[in-house]
Each structure stands twice: as C-alpha cells, then as structure tokens.
Amino acid sequence: MMMKLSRQFTVFGSAIFCVVIFSLYLMLDHLQLDHTKSPNNGGDKLQNGQLSILQDKIDRLERLLSENNEIIANIRDSVINLKESVKDGRGGLDGGNMSQGHYLELLASPPLVLPIDSQDCQFATREFSKPADGVQLLDVYDLLTFDNHDGGVWKQGFDITYQDNEWDSEPLQVFVVPHSHNDPGWLKTFDDYYRDQTQHILNNIVVKLHEDSRRKMIWSEISYFSKWWDNIDNQKRDAVKRYLFEQGQLEITTGGWVMPDEANSHYFALIDQLLEGHQWLERNVGVKPQTGWAVDPFGHSPTQAYLLKQAGLANMLIQRVHYSVKKHFASQETLEFFWRQNWDPASSTDILCHMMPFYSYDVPHTCGPDPKICCQFDFKRLPGGRVNCPWRVPPQPITDGNVQQRVQMLLDQYRKKSKLFRTKVVMVPLGDDFRYAEALEWDQQFQNYQKLFDYMNSHPELHVKAQFGTITDYFNALRKLSIEPGHPSASLPVVSGDFFTYADRDDHYWSGYFTSRPFYKRLDRVLESHLRAAEILYSLTLANIQRFGKLNDFPAVENNRLLTEARRNLGLFQHHDAIAGTGKDMVVIDYGTRLFHSLLNLNQVIVNSAHWLVLKDKSAYSHNPSKAFLQMVSKNSIGVLISVSFSPRSVVVYNPTEQDRTSVVTVYVNTPHVCVITDHGHPVPAQVSAVWDDSTTASTEAFQLSFVAQVPALGLGLYQLSTAVSGGAETAEYVFLRQGGELSVNMKHFTVNIPQDASTPLSIHNPHIQIWSSPTTGLMEVSHLKENGSEHQIKVEFAWYGTTSNRDKSGAYLFLPDGEAKMYSPARSPVIRVTKGSVFSEITTSFDHVTHTLRLYNVQGVEGQAVEICNLVDIRREFNHEIAMRLASDVDSKDRFFTDLNGFQIQPRRTMAKLPLQANFYPMTSMAYIQDPGTRLTLLTAQSLGSASLVSGQLEVIMDRRLNQDDNRGLGQGVLDNKVTPSTFRLLLEKRAKTDGGEKPSPLSYPSLLSHVSSLYLNHPLISMAVSTEAQSLSLTAFTPLASSLPCDIHLVNLRSIQSKEDGGGPSDEAALILHRKGFDCAFSNRNTGLLCATTQGKIHTEKLFSELRFQSIIPVSLTLMHTTEGGSSKEEIRLKPMEISTYRVQLT
C-alpha cells in the first residue's frame, strides 16, 4: 500500500512540475506573440528570427525557473508532507480539502502561487510624497504637546487681535448660514422627532423663506426630507422646487440619507446611504449637492472625504476635531485646506475642506471666539423664551437705539474669527439641534439679523458686507479669493490623514462609542452583508429574466420595495447616534427592530431570486408567498432545522463574493447520520458536530452539519443531503477538561474523552497552522505556521477596565478608565471543550462572562490560513465594567500599529505616552495589525469595535461596555441595555517574504491580498437555502454568472438595481455597478491561497466578465450616479487605479 502511495505522490509531484514548466513556457509564448507578427522579410531571416526567439525563450525560461525554484521546492515539500501525513495516519484529521482522493473538484485547481502582475506591486512600495505646503496629521500629533492652557474667552484657543485698518483695501465678507441639525433618532425615535419637531421645521422653511428672498437655509438629512415630501401636496412641492431650490434660498448639503458616523460605518454602508439620498433627490427634486456638511460626527475620516469627492461634491465642512488640533490649525491658518488621501501622489482626490474652529456648532460657539458675546446674538434666547444664555447676559432685540453698539460687538467677533483664516471671507453658522421649529424663532433670528446686516452694509466705513448665505455661497466666495488668479497670497494647504480620536475638552476622549452597543454594531454588518448579497442576486435575476423573455410572475416590484426599505433602514443606522451606540434605550430598540425586519425581508429577496435562477425549466417558476420554494438555513438563521431523510434534500448555496470559493458551510440537521453529495452525485467532505444546550450538555434533537462547499463567484451551488446508512459525514470527537472541578458530560452519538492528566497543552491543527492552548484556560499560547516552520508566541487574554473615580466617568461616548486594565481571572475553573473533526477543529472555553472559541478549518487556502476567534460576551450583571480581549505576541511592533478606516484604507497609528490611555484607542472597522520587519499579525473583525496597541507586541479590542452613568454629553443615561453579544474575528499571521531592513515610519500601509480576501470571506459568508420537501421533484441547475473570478484586487462593492422613474415603484432596466480596486502589499506570501484569480493592472474586459449575460450599455458615472464622467472607460474595458472606487450605469441583457 505504502509503495503504491509513494509512487502516486511521485507521479503527482512530477505532474505538477510539468504543469508549472508548461505554464511558464505558455506564459513566455504569450509574451512573444507580438514578435511573430512582424512582416515576413524572407525565409532565412524568418528562420534566424525564430531561432533567436527560441533562444530568447530558453534564456528567459531559465531565468524564470531560477526564480521559481522556490515554487518547485514548495511542491516537493507539499508531496513530502502528504507522504508524512499518510504515514502518521494523520490523513483523516488534516484532510477535508477538496483535492483529497475521491472528492471531485467542482472548481478548477488553484495555482500554488497567485499570478500577480509585477506592476501591481509597485503601488504599495511607493513612498509617501508630502507636498511643500502639505500637512500630515501623524506629524501634527508628534509635534503637539496636548497641554490644555486656558486661552481666555476662547478657553481652548488663544487671544486674537487685529488692526482696525486691515479691511480698508478689501472689505470683510460675512456669510451667515442658518441651519437646523436634525438627528434621525437620539433622545427620541426618528418618527417621534419627525412628528414633534422636524415636520414643523420643514413646513416653516417653505413659508418663512418665501417671505424674504434674502433669507437662506441649508438642509442635510434626506431621511427626514423624503418623509416630509411624501406628506405634502403638489402645490407645496412646486413652491419648494421653483422658489427655494431654483432661486438658491434652500440648499441641500451632502444629500445623504443621514449625516453618518465616520468611525464605525463600513464604506459599503457609507456609499449606500449617500446613493439612496442622491437617487431620491434626482428622482424627486432634481437637485445635485455640491458641499458636504458634517457638524456632529464624533471625529472625521478621510474615507468620507474621498466618497464625497467621487460623488462629485466640491467642498466639505467638518466640526468635531480634537481641541488641540483645532488650536494648532487655527494658529497656522490651516483651518481651510485641500484634504488629500494619504495614497494619492497627485491631487486627484483633493476636496476643499473647512474646519470649524471652536468648541461646538451652536450659536455661542460660531460667531467668534467669545461664547458670552455670541450667545447674545442667538435671538431664540431672548428673555421670556425656554432657552437662555449660561453666561447670564441675554440677547437684546435690535432697535434703532442699540443697533450701532450691537453691530460693533458682533463685528468684533466676526473680525477675530476671520483672523484664523487666510482670506477676507468668513462663514458663521446660525443654528443648533432641531432649530426653527416655530414661526416665532424664524422672526426673532431673521428680522434681528437683517437689521444688523442692513446697518453694516449701509456704513462703508465698517468695511464689511454681511448677508445670509448657504454653505456653497460661502465656498464660492472663498474659491474666488483663494484659488482664482489674482489672489496668490491666500493659497490653501494640503492636508492628509484622519481626525481620530476626538476630545472636546480635558482628557475626555470619545473612544467609548467605538464599542458602545456592540450587539447592534454586529447586526449592522450582518444586514450589510445580506443587503449586498440580495442586491446582486436580484439584479442578476432581473437581467436573466430579460434574457429569457418577460416573466410576469416574478415579484420584481415587491422585492424592489423590500430592497429600498432595507437600504433606508441600513442608511438610517449609519446616523452618528445610531451605529455609534449613543441613543436612548427605546431609540436603540427602534433601530434594532428596523434592522431585524429588513434582515428577514432581504432573506425573502435572496430566496425569491435564487428560486428563479436554480430552476432548470424557467416556465415551471411560480411565486407562491404562502408556500416558500426555498428556506434560509444558514448558521445565523438559528432555529431552522433541515429535516433529513432517505430521499435526498437539496440545499442551494449562494456565494456573494466575486471569487470562486471553497468554504465551509454549516447548517442544522435532525440526525447525525447524514451524507452530503454534489448535484452530480460526488461525495463531499462533511462533519457532524453537537449542538450545545450548555457547555457540557448536547442536544439530542439537533446536530450541526459542516461541509466543504465549492461555489463559483456570485453563483449558486447545489448539494444534496440524505440519511446515511454508513460512510456518511464523520462525527466529531470531543475532549473535555476542567482543572480541579467536577465535570459531567451529557451527550449521545459522539466519542467523548475526559483525560485524567490535564496538564499537557491542547493542540489543534490543519494543513496550514497548528496552535497550542493552555490546558488551564483553553486560551491560545503558541501558533506554528507549517509553510515555513516558524513558531510565534501569541497569547489570548481577557481584561477588565473600570471607570475613573473622578466626577466625569465613562458613558456611551467617553472612555475614562480607572487606569490600566486588570487581568480577567474567573472565580472558578472554566470548562474547556476540544472538538476534533475532518472539516474543522476547535477549542471552546466557557468562562462566566465570555464563551471563547478558537477554530481551524481543515481547508486548503484562504479559510484554512487564519484562526477563527468567536466570543460570546455576557456582562449583564456587571457594574461600570468594560471587557477587552488582548493578543500578546512576540512581534516587535514597538509603539506602532495599524487600524483600518471604514474597511476602505489603512491608517498607521502611534501609541503616545504623552496622551492618556483612552486617547490611544482608535476605531477598527474591519482590521487592525502590528508588525516587525519579518512578521505581520492581523486581527480581522466582523464588527466595528475600539482597538489599541498599548504595549509592543500587543493588540487589544474592547468587546462590550456596561456603564451605570451618563457622561454629560446630552444622552442623559448610562449604557445598561447589554445583550449576550457574539463577535467574530480571524487572526492571520504572515511572514514578510521581502524585507527592506528597518521600516521607515510612513503614513502608508496596505493589507496583503490574503488579508483582503480573508476579510471579504469573514464579512460575506456563504448563504445556504434548503429546497422545500414538496419541491424536490423539480429539476435544478447550478448558476455560474461570471466567466471567472474577478481580478484578485478588485472587489464588487455592489450591483444595485436603479428604481424606475415611472410611478409604481418597480426597478428600471439599469443597475449601478460599483467596483473598488484594493491597494495591497506584495511583500507577503501568496502561496496556497486556493484562489482562482490573478491581478490585471486594474483592467476588466467587459465582454469576458459574464458567462452568458452581456453589457448592452456601460456608462462611467460619479459614485452616486449624479454626474456622467467625461471621457471615462471604453465599453470594452473597465480600468481602475489602485484604491479607486468607480460606478458604472449598466444595462445587462
């Protein structure tokens, strides 16, 4: 037997060797094609030419071979490893990958090393180029002392002085911008705010702006505006369009569904809510926003700046920036700047940005540096009203008798404010939360200000021109003075970097909301993944229906309605008090209910689309809502049990990613005796594990079935489950440990071992990794990479943070810990359960506050290269406690680490001793990593949480927070609505293949391709649906929409149907195709990824993209379809630059 196997391995090795040589030769052949097309200049010449070409080929082949010795050596090692595993009898446990023996590959065999175009590696090796007048925020942080000197009337700033004659040659232009900040949920729900305040504000806008054409107003939140629009008559709508929009009295700023949080939101959701707002505007009012307005998000991300730029906006405004950074920018007159992406060497991503200089966006903090004076010009606070000035000097109505003195006071503030900027134009917001709800307030503000403006403008000796304006009126004036020729003195600087972590005063850092309400942060991402999956499958279904001829029975209009509602519910949750976790309990419940309803509705859309696509005979399709053809059975659809019997039950598996994929699918079945086959009848590696009622009691009714599925990109695969008499799925084996504690295990059908000596380290392994865990805690201690034999200390630990004893304590927004974290030490020994199986192995530890699982998938490629970490956290009985998971490793990362911004880009971080502990926490949307010259340790996350690296070699993540008090930022409550919260991560240890010695600190860093795809798979798991028992007789067919995987570095962000302009709410025959080319670092291994893709310098041939569908039209447009871009790509080819996100208006047929 061994001889036979040995011979097989030798043949196998030789075959791969031949394939590699032949592939290299074909590659050379391909490269040489151009030469042979030269005209024939006689036989000899041709022969000589061919000989020299052949010689050249051989030379290059030798060169390539020497470069590929590494590959050959790797093949040899793989063969030796295979032989060893058979000798050791380990074949069973390390198996489970599809290339094993009798399991038939459904997808092509992946290359050993990914074919990466060498030009695609140049982007990540390029050094950061700072322009001469550039400001890099990492440098600003190095520079600042972060002291908190009392600045006088402007407490966080400095004394501002000016000369009276400074405006003699060029008068000061003042734009007062009325605004009303409407939170779509915070202290009240979205609907309650609308009923009590927002509808009245919008009604007043129509009446009160119409009274005087000099009045202006801006509005941001389309979620509110669209609700109001639906409730007003056509006459009012015409008035809004004709008088307010066309005459420029009312401006829509940003135009997103909400004013989103910029720390926790993923770029998919940021784009989606912007698109929803812009599409609504296009369909209903024909308005195209030009300027972003973000006065309330708690810190600002360059990702949002990039998205606004890509959407066609020209300007933006930000407000909540660390007070020390504001003071520094004010002192350097850099509050207005071009915000450029770190990775942009030129200026293609520049967007003009205004940073508000003072503490808040309310009236006391916007007219100038002295809030005591500015408050006197907030006429809503006139004596007798409900609001007054905390500085105890009330406003006075403007009269002929006091106008001169009041103008002098106000103009002094305007002049001082203008001294912080480079031009003689100043912007003064006039508004606050839910302002202008009553007609009286409109009269108080607008009439009094108009008197002040009239006086200023009629006294030329004051050298001032004051008026109401929209924010774009202001930016237009600013551009005239700073960018157009003739004003070279006022050129504006270029700024790169981000504005986290925000502090508004003292040591009050807003790093708590990076984690607050983590249950809902997780739900957000699950909904996001389902929305994307549903959008793509629905769009592909519509296009295929067109191709087959109309099918009236498909519920296209109803599904479009469900998709629209889901987009809007997800959009609403991106609001800066929603995903941030900073709303009242009842508001959080309202958001959660919306998210959950949309999740159920999206399942419906996915099921309806998959139903149509998998039917072999399309004419057999009939939509019957009361009798579902398919039912969701994915692992997250708990409670759905597949009833397996001797007659096969079909399961449809949907791969929502753009890569052909081999991944593990888990469903729940009613029997441990089950076998899984492909739709062609070939057996599939499968494992049956227990479903646990508690840490040591297994269910006797339900079993977990995990099998290795291979599904084409964006496609549907078919599998069949049936009761196995023998030779079905392997059952997992269990080992239980508990140090010094009683242990009784209740389970049937499985092998259980409770060792007497529980002192040996626990170990699980797969083809790529082996990990060892402590026998006392079950927590990981060591990880071993099989590819290169390297071993690393990586300890998982848990820790508690308390809150400070000072008056101000941690709350929903703020993290104010009582010092360093204290190690989590459970009161009693935990139960440790080790599962070993052919598809996955795992170690689960049940502590009092957290159930922690380390899992390895027994799969070759992406899914097998990372350790999956699941934590189920329950701190509902705690008092002022926050629980953190910490990874302590031997990676020599010093004080540097890296977190992503919005899942879009990586921002290098530096842990600074000069800052308090809470200031060194940053948002982690999809990943964080630490590295040294030889190794990178990446934690990929399926939910946004706060993270830090407080000590060299450490990464930590706050998992949940329970806080008993309000933190004085307006919420008026603590965070006590904790849930049992699951959070999922993948831990990736990568060796740097190319090292350039000491790394220079740089503002640029990129994940590896493996890291990108691992993150994609973590966030977008395969989706399983069971065919109903009544429908088993129908013939089904797999669905393979793409001709092949997309290039490895190109992500399909969305394929989103566009609503028809006609009434009826159905889809049009167009869709928005949104693509993102990811920047990646080539210095890490691309071996054994199992991927079937290559990189192509950002090119996609549109004709070769789909297997059957074709593009009838493809038009490059701005990100949210507002503008058609000039020139753009040809119809035959899409071309993306690294990091670029581009949208195309497409018609598929």
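Why is helix H12 (residues 323-331) largely enclosed by the rest of the structure? I looked this up first: seven of the nine residues of H12 are buried, so the helix is largely enclosed. Buried means under 20% relative accessible area, exposed over 50%, and partly exposed in between, with a 1.4 Å probe and protein chains only.

Before going on I noted the basis. This is a predicted model, in which local features need pLDDT of at least 70 and side-chain atom pairs count only at pLDDT 80 or more, while totals for chains, interfaces and linings use all residues. Residues are numbered from 1 along each chain as its sequence is written, and side-chain values use heavy atoms, with hydrogens and water left out.

**Entry: the whole chain**

I counted 20 helices and 47 strands in the chain. Helices (H or I, at least four residues) and strands (E, at least two) are DSSP runs, numbered from the N terminus. Of the 1149 residues in the chain, 61% are buried. I also checked contacts, meaning heavy atoms within 4.5 Å. Among contacts with a separation of 6 or more, 76% are between residues 24 or more positions apart.

**Entry: helix H12 and its cover**

I listed the buried residues of H12: Tyr323, Ser324, Val325, Lys326, His328, Phe329 and Ala330. Their cover includes strand S1 (134-136), helix H6 (137-143), S7, S8 and strand S11 (494-496). Just after H12, Glu333 has a positive phi of about 55 degrees.

**Entry: the six-strand sheet**

S1, S7, S8 and S11 belong to an open sheet of six strands, in the order S1-S11-S7-S8-S6-S5, with mixed pairing. Two strands pair if DSSP finds at least two bridges between them. S1 and strand S5 (291-294) are at the edges with a single partner strand each, so one side of each has no neighbour in the sheet. From one strand to the next the twist averages 30 degrees. For angles, axes are lines fitted to C-alpha atoms, for helices over the stretch in contact, and values run from 0 to 180 degrees between N-to-C directions. Helix H11 (residues 302-310) packs on this sheet and touches S5, S6, S7 and S8. The direction of H11 makes about 135 degrees with that of S8.

I then looked at strand S8 (residues 351-355), where five of five residues are buried. In a regular strand the side chains alternate between the two faces of the sheet. On one side of S8 are Ile351, Cys353 and Met355, on the other Leu352 and His354, and all are buried. With strand S6 (residues 315-318), S8 pairs in the parallel sense over four bridges, and Leu317 stands opposite His354. With strand S7 (residues 336-340), S8 pairs in the antiparallel sense over four bridges, and Trp339 stands opposite Ile351. S7 also pairs with S11, in the parallel sense over three bridges; there Arg340 has Ser496 as its bridge partner.

**Entry: the eleven-strand sheet**

I found another open sheet, with eleven strands in the order S22-S21-S28-S29-S30-S31-S40-S37-S36-S33-S34 and mixed pairing. Its edge strands are S22 (751-753) and S34 (905-910), each pairing on one side only. The twist averages 20 degrees from one strand to the next. Strand S31 (residues 867-873) and strand S40 (residues 981-991) run antiparallel and are joined by seven bridges; Leu872 stands opposite Pro982. Helix H17 (residues 518-548) packs on the sheet, touching strand S37 (935-941) and S40, and its direction makes about 70 degrees with that of S40.

**Entry: the largest cavity**

How much space lies in the largest cavity? I read about 330 Å³. A cavity is a set of points on a 1 Å grid over the protein atoms alone where a 1.4 Å probe fits but cannot get out, and lining residues have an atom within 4 Å of a point. Grid points are joined across faces, edges and corners, and the volume is the space filled by probe spheres set on the points. Of its 27 lining residues, the closest to the centre are His266, Tyr267, Gly903, Ser1015 and Lys1078. Elements that give two or more residues to this lining include H17 and S34.

Notes. 1 Å grid on protein atoms, 1.4 Å probe; cavity = no way out; pocket = protein on both sides within 12 Å on 5 of 7 lines; lining within 4 Å.
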